[in-house]
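Let's work through some exercises on charged side chains together. Keep the model open beside you as you go.

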Amino acid sequence: MTSAQPKTRYGASVIPVLVYEDIEAAHNFLVQVFGFTSGGLHRLDDGTVVHGEVRLDDQPIWLHMVTAQHEMGTPKGASESHGGLTVLVDDADVHYERSKAAGARIDSSPTDQAYGLREYGVRDPENHRWWFSTPIDD
């Protein structure tokens, strides 16, 4: 594997994919509550949303539909998590207040971590785990 980053139209070398039962509702939540930018929704002719995208600067996150064919399911209703995403933001405390005011499920309030980030934990409506973090100035 080479160390050079490939130039793509997506602006990233790694694109996270999250699976949702309701892609449109997830997309709207991620944009309105977490402050991502819409990358659009893709619909079938009957209006069914089959793919979505949100972005943070040049970083896309793809929203995928639940599908048995690809063995992809949502963590909605799961008691345990398989992982999550950490997103660097300008101010974790401000972001926390925004998410809390919007009624998001907060797992932990902003706390300084030994590994140099101030972060809080939150979940989206289908139980994906998110941590929003700000580097602590030395």
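Predicted model: local features only at pLDDT ≥ 70, side-chain atom pairs only at ≥ 80, totals over all residues.

Residues are numbered from 1 along each chain as its sequence is written, and side-chain values use heavy atoms, with hydrogens and water left out.

**Exercise 1.** Find how many salt bridges the whole structure holds.

Solution. Start with the criterion: a side-chain nitrogen of Lys or Arg within 4 Å of a carboxyl oxygen of Asp or Glu. Searching the whole structure with it gives eight salt bridges.

**Exercise 2.** Work out which residues form salt bridges with R118.

Solution. Step one: D93 pairs with R118, with 2.7 Å between the closest N and O atoms. R118 belongs to strand β7 (residues 117-123) and D93 to helix α2 (residues 92-101), so this pair ties together parts 25 residues apart in sequence; helices (H or I, at least four residues) and strands (E, at least two) are DSSP runs, numbered from the N terminus. Step two: D112 also forms a salt bridge with R118, at 2.9 Å.

**Exercise 3.** Decide how accessible R118, D93 and D112 are.

Solution. Buried means under 20% relative accessible area, exposed over 50%, and partly exposed in between (1.4 Å probe, protein chains only). R118, at 24%, is partly exposed. D93 is partly exposed at 30%, and D112 is partly exposed at 48%.
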